[in-house]
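Let us take a friendly walk through this structure, one stop at a time. Please keep the 3D view open as you read.

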Amino acid sequence: MKRINCNPRPGWKAFAESVGFNFHTFDGEPYWDETAYYQFSLAQIEQDLEDPTEQLHQMALDLVDDIVTSEQKLTQLAIPEPFWDAVLASWRAKEPHLYGRMDFSYNGKGPAKLLELNYDTPTSLFETGFFQWVWLEDMLMRGTLPQGADQFNSLQDKLQQAFSELNLPQPFYFASVTQSIEDKGTVDYLMDIALQAGVNCRYIQLEQLGDIDGQLVDLDGFPIQGLFKLYPWEFMLQEDFASTILTSQTQFIEPLWKCLLSNKGILPLLWQKYQGHPNLLPAFFDDGSSLQPGWLRKPLLSREGANIELLTTEGKRLTQDGPYNDNGYIRQQLAPLPKFDNNYTLIGSWVVGDSAAGIGIREDNSLITKDSSRFVPHIILD
Amino acid sequence: MNKQFKRSKTARLIMMVPAAGLVLAGCGEKPVEVQVFNTPDECAAYYNPPAECKAAFAEAKALHPQVAPRYANKQECETDFGIGQCESAPVLAANNTETAPQQSQQSSGFFMPMMMGFMAGQMLNRGGMASAPQQQTASAARSPVPNQPLYKSRDDRSTFRTATNTAVASQPGTTSIRPSAVQPKAGSLARRGGFGAQAARRSSSSFGG
């Protein structure tokens, strides 16, 4: 695994905008960054990332069985009690899931360490599945990269296959928060793929979802029987329409049971069950005591690096403010992100259905990866 | 080369790329002919088969409580539709259609205008031509326009309007309309805005992660 500087393709920004990638620059700073790429060997990809991803995914699924029947664990994960039965029913009914992303600290040697699961509303999907793919094809066509260079990225193929096999109710609706162009971009991409798989897709702004007598309805008042929502379950379970979730005849993607796996509390539970697994870091529910050097604290429910506090082994404290301070916390042993040049590098490894489907790399100038962290493409070349 | 690639075989976009985008419904939509009447008898008087008139009327009547605009009180309804032209609206079970007929007897507390006529989308013999059963094939292309109730506003008693207030004709008989303009929509008042509060409270560029 190495980081290699390269020249951006001339005109890539115009191309990005022409394919709906409108968030390639974030507050004036690059988000998509093709001034460099990462190179992996095939063995690194297959043995250190692909195989562990599928194994960890199965371990996490196995854990769901333990959680849904344990009041203690549901309480530890701060799942509101009125929804316990519904979570259990959603799992028992084997409601299908579409995708997830696990984040790793990995430097090319030794086991990748699982930092967390983003199993409810993972993003950076378009960047990974489409834009990174096109970048490689362009670089091959221009002869900038040698023929034979590949990429661990079957994300779009696997998503299309999943959409064609999920047998979704039609029309199938997709919802995201109105104010977020990034989330709309993710949803547009998923709708595009679903459309190619033959799904009859409709978009609705999340805030426009309606309720008639406990049934979710669209803008015309017709029942919504299938809904992809790019909005966290933990929010939905505490908002005005929370009770609608219990009564509405709607198949959700991701299904309700995914609220267990997108929760950072899954990390101590994984450690309890599989203590010593090479891809796991020691993790515990937080007792509020002060952090030891080499540990970090993060909320059960948070995203994009918010509300994280970490103490390096040298005793240097790093904190990241954020809006997610209203639930419990966990602590996890620090697996500092590897540093390439002056960049801290995080690997997001995708799962579609139950298969590993590719990676996307994020870089930041700090040890904490955030929503503004740069997305950098990668190749496989032996 | 026998190598198995680790990347997608293709990555194409069909919706996000405007140049290759889909033709949107509505552009170049062809108008279709429909008929509008005050009553089934009037329909039959226009040389339509009485049984089909009755059937179209019955469909429209059944749709009426589902699509009629709803008002919180009678006065507001009568302001739009005229004194004595409103009735109480039944409860609708949106997620349980099987029990809907019984429940529809029950008042929801809302008011709706009375049905003043109906639109027949899939007529029948062509209005005005009493010729025999027609060479029209059995299931001749189902009309894109559903049979539906029509209403008349307080200040314009001659114009037939759909439940969504689209004026469709000023007299009984055949008229020409764009199908997308007369698609029935549920008239029940949906509560909205029940999701999204957390997003508004926690400003962030994304609610994924």
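**Loops, domains and packing**

Glu254(A) sits in the loop between β12 (251-253) and α10 (258-261) of chain A; such helices (H or I, at least four residues) and strands (E, at least two) are DSSP runs, numbered from the N terminus. This is a predicted model, in which local features need pLDDT of at least 70 and side-chain atom pairs count only at pLDDT 80 or more, while totals for chains, interfaces and linings use all residues. Residues are numbered from 1 along each chain as its sequence is written, and chains are lettered from A and ligands numbered from 1 in the order in which they are written.

Why stop at this loop? Most residues other than glycine have a negative phi, and most peptide bonds are trans. The bond from Ile253(A) to Glu254(A), however, is cis, with omega near -10 degrees. Another cis peptide bond links Gln170(A) to Pro171(A), with omega about -5 degrees. Pro171(A) belongs to the loop between α6 and β7 (172-176) of chain A, and Asn167(A) lies in the loop between α6 and β7 of chain A too. Asn167(A) is not a glycine, yet its phi is positive, near 55 degrees. Is Asn167(A) buried or exposed? Asn167(A) has 11 other C-beta atoms within 10 Å, so it is exposed; the label buried needs 20 or more such neighbours, exposed 12 or fewer, and partly exposed lies in between, with C-beta atoms placed from the backbone.

Now look at how two helices meet. The axes of α5 (residues 125-141) and α6 (residues 155-165) of chain A come within 8 Å and cross at roughly 135 degrees. Here axes are lines fitted to C-alpha atoms, for helices over the stretch in contact, and angles run from 0 to 180 degrees between N-to-C directions. The two helices, α5(A) and α6(A), are therefore oblique to each other (under 35 degrees is roughly parallel, over 145 roughly antiparallel, 65 to 115 roughly perpendicular, and the rest oblique).

Finally, step back to the whole chain. Chain A is divided into domain 1 (2-263 + 347-380) and domain 2 (274-333), with bounds that come from an automatic or database domain assignment. Their C-alpha centres lie 23 Å apart. Domain 1 of chain A brings 18 residues to the contact and domain 2 of chain A brings 16 residues, where contact means C-beta atoms, placed from the backbone, within 7 Å. On the side of domain 1 of chain A that touches domain 2 of chain A, α2(A) gives the most, with 3 residues.

Definitions and conventions
Contact = placed C-beta atoms within 7 Å.
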